[in-house]
Amino acid sequence: MNSSELPLPDDMDQLKSMVRAMAAKASRADVLEREIESLKARNADADERIKCLMQILKAYDRARFGRRSEKLGSAAADGEDAQQAFLFEEIETGISALRAQVGKGQASQEKRAPRPRKGFPPHLERIEVVIEPDDLPEHAGKQKVLIGEDVAERLDVIPAKFRVIITRRPKYAFKGWDGVIQALAPSHIIESGLPTEALLAQIAVSKYADGLPLYRQEGIYARDGVDV
């Protein structure tokens, strides 16, 4: 769909609102572009400084561990101390400058819009919560027009909880007749066992698929007062 096919509202106020929203988005995009260019320039300068510091460190290593003919300056101890002090001063100055640049870069990145995240699997249950703006006194008599919305997704979980399944099998007798009727007891994987099939499946998956030993599962269940 090109720009000529976009549906445009006839209401002038709605058109103005849409134009303002588009202008705000364009302004934010320009700000982000300028921040990106600034960060690129800082990174390039930081790379140059790092390259210079690495050269200084290599020269210092040669001065300390190289042969005498490769050492900087004279062989006197005073000369070596002066050279070392100069090298360390240059390194500290460069590191301070790099830290300052990194701090500015981090501050700029914090102001940038968050990166889009990958969507959650489609089979997960979705619960939508709509937060409407407050109706203020200055809004009285004005008709609200929806021009867009911000949608955010967060991952939630319902903690597992234990419950007790109570099975009742009433017994019935007929007046004036002998005999009692009652439904048969349902079959279980473990005869006369306390855990249900769902609990047994949970224990098996936790042990063999998630690597959770039985003694740790016992401790988890004990927090709810369940002794298995």
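This is a predicted model: local features need pLDDT of at least 70, side-chain atom pairs count only at pLDDT 80 or more; totals for chains, interfaces and linings use all residues.
**The salt bridge**
- Side chains of opposite charge can pair when their charged atoms come close.
- In this model the partners are Asp135 and Lys144, whose side chains meet in a salt bridge with a distance of 3.8 Å from N to O.
- Asp135 and Lys144 are both exposed.

**Gln143 in its loop**
- Gln143 lies in the loop that runs between helix 2 (77-111) and strand 1 (171-173).
- Gln143 counts as exposed because its relative accessibility is 73%, and exposed means over 50%.
- Although Gln143 and Asp13 are 130 residues apart in sequence, their C-alpha atoms are 10.0 Å apart in space.

**The annotated span**
- An unreviewed UniProt entry gives residues 144-173 the annotation "domain: Transposase IS66 zinc-finger binding".

**Helix 3 against helix 4**
- Helix 3 (residues 197-209) packs with helix 4 (residues 214-222) at an angle of about 130°, and their axes are 10 Å apart.
- Because of that angle, helix 3 is oblique to helix 4, and the crossing of helix 3 and helix 4 is right-handed.
- On the side of helix 3, the contact is made by Leu199, Gln202, Ile203, Ser206 and Lys207, while helix 4 contributes Leu214, Gln217 and Tyr221.

Key. Residues are numbered from 1 along each chain as its sequence is written. Side-chain values use heavy atoms; hydrogens and water are left out. UniProt positions are given in the numbering used here, feature names are shortened, and annotations may be inferred rather than shown by experiment. A salt bridge is a side-chain nitrogen of Lys or Arg within 4 Å of a carboxyl oxygen of Asp or Glu. Buried means under 20% relative accessible area, exposed over 50%, partly exposed in between (1.4 Å probe, protein chains only). Helices (H or I, at least four residues) and strands (E, at least two) are DSSP runs, numbered from the N terminus. Axes are lines fitted to C-alpha atoms, for helices over the stretch in contact, and angles run from 0 to 180 degrees between N-to-C directions. Angles under 35 degrees count as roughly parallel, over 145 as roughly antiparallel, 65 to 115 as roughly perpendicular and the rest as oblique. A crossing is left-handed if the near helix is turned anticlockwise from the far one by less than a right angle, and right-handed if clockwise. Contact means heavy atoms within 4.5 Å.
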